[in-house]
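Me: I have a structure open and would like to talk it through with you. Could you take my questions one at a time?
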Amino acid sequence: MTMTPEEKVNSEIWWVLQKIRTEELRQEKGKPLKLAFQARPISGLPPIGVRQKILYKVRELGGIRIVKEEEEI
């Protein structure tokens, strides 16, 4: 079955949100979440460029805040 573009993006957003939630559950409470994606291709996962774009889309939608390591939170 072929997904529509909207279904594909929603699926990618869901994957990123699941990854964030999993890491959040592992993280010490009150500490900022550090998330890193491997650049090498992994079967079944969106390519790194897509994962980065989806993170920015989730930020745009207000779901997360992205900061650089040197920034104060």
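Me: Among contacts in the protein chain between residues at least 6 apart in sequence, what percentage join residues at least 24 apart?

Reply: First, a friendly caution: this is a predicted model, in which local features need pLDDT of at least 70 and side-chain atom pairs count only at pLDDT 80 or more, while totals for chains, interfaces and linings use all residues. Residues are numbered from 1 along each chain as its sequence is written, and side-chain values use heavy atoms, with hydrogens and water left out. Contact here means heavy atoms within 4.5 Å. Of the contacts between residues at least 6 apart in sequence, the share joining residues at least 24 apart is 40%.

Me: How many helices and strands does the protein chain have?

Reply: Both are DSSP runs numbered from the N terminus, helices being H or I with at least four residues and strands E with at least two. The C-alpha trace spans about 45 × 25 × 20 Å along its principal axes. Its secondary structure comes to 2 helices and 0 strands.

Me: Leaving aside its neighbours within four places in sequence, which residues is F37 in contact with?

Reply: F37 belongs to the largest nonpolar core, along with W15 and L55. Beyond its neighbours within four places in sequence, F37 is in contact with W15, K19, I48, R51 and L55.

Me: Why are the buried residues of α2 on the same side of the helix?

Reply: The buried residues are R51, I54, L55 and V58. The directions from the helix axis to their C-beta atoms cover an arc of only 105°, which puts them on the same side of α2. What covers these residues includes α1, while the face turned away from the buried side carries K53 and E60, both exposed.

Me: How far apart are the end C-alpha atoms of α2?

Reply: The expected span is 1.5 Å times one less than the number of residues. For the 13 residues of α2 that should be 18 Å, which agrees with the distance between its end C-alpha atoms: 18 Å.

Me: Which residues are linked with E23 in a network of salt bridges?

Reply: A salt bridge is a side-chain nitrogen of Lys or Arg within 4 Å of a carboxyl oxygen of Asp or Glu. E23 forms one with R26, the closest N and O atoms being 2.8 Å apart, and both lie in α1, 3 residues apart, about one turn of the helix. E23 counts as buried at 18% relative accessibility, whereas R26 is exposed at 63%. The residues linked with E23 in the network are K19 and R26.

Me: With which residue does E60 form a salt bridge?

Reply: E60 is exposed, with a relative accessible area of 58%. The closest N and O atoms are 3.0 Å apart, and the partner is K57.

Definitions and conventions:
Core = buried A, V, L, I, M, F, W, Y, C linked by side-chain atoms within 4.5 Å. Buried < 20%, exposed > 50% of the residue type's maximum accessible area, 1.4 Å probe, protein only.
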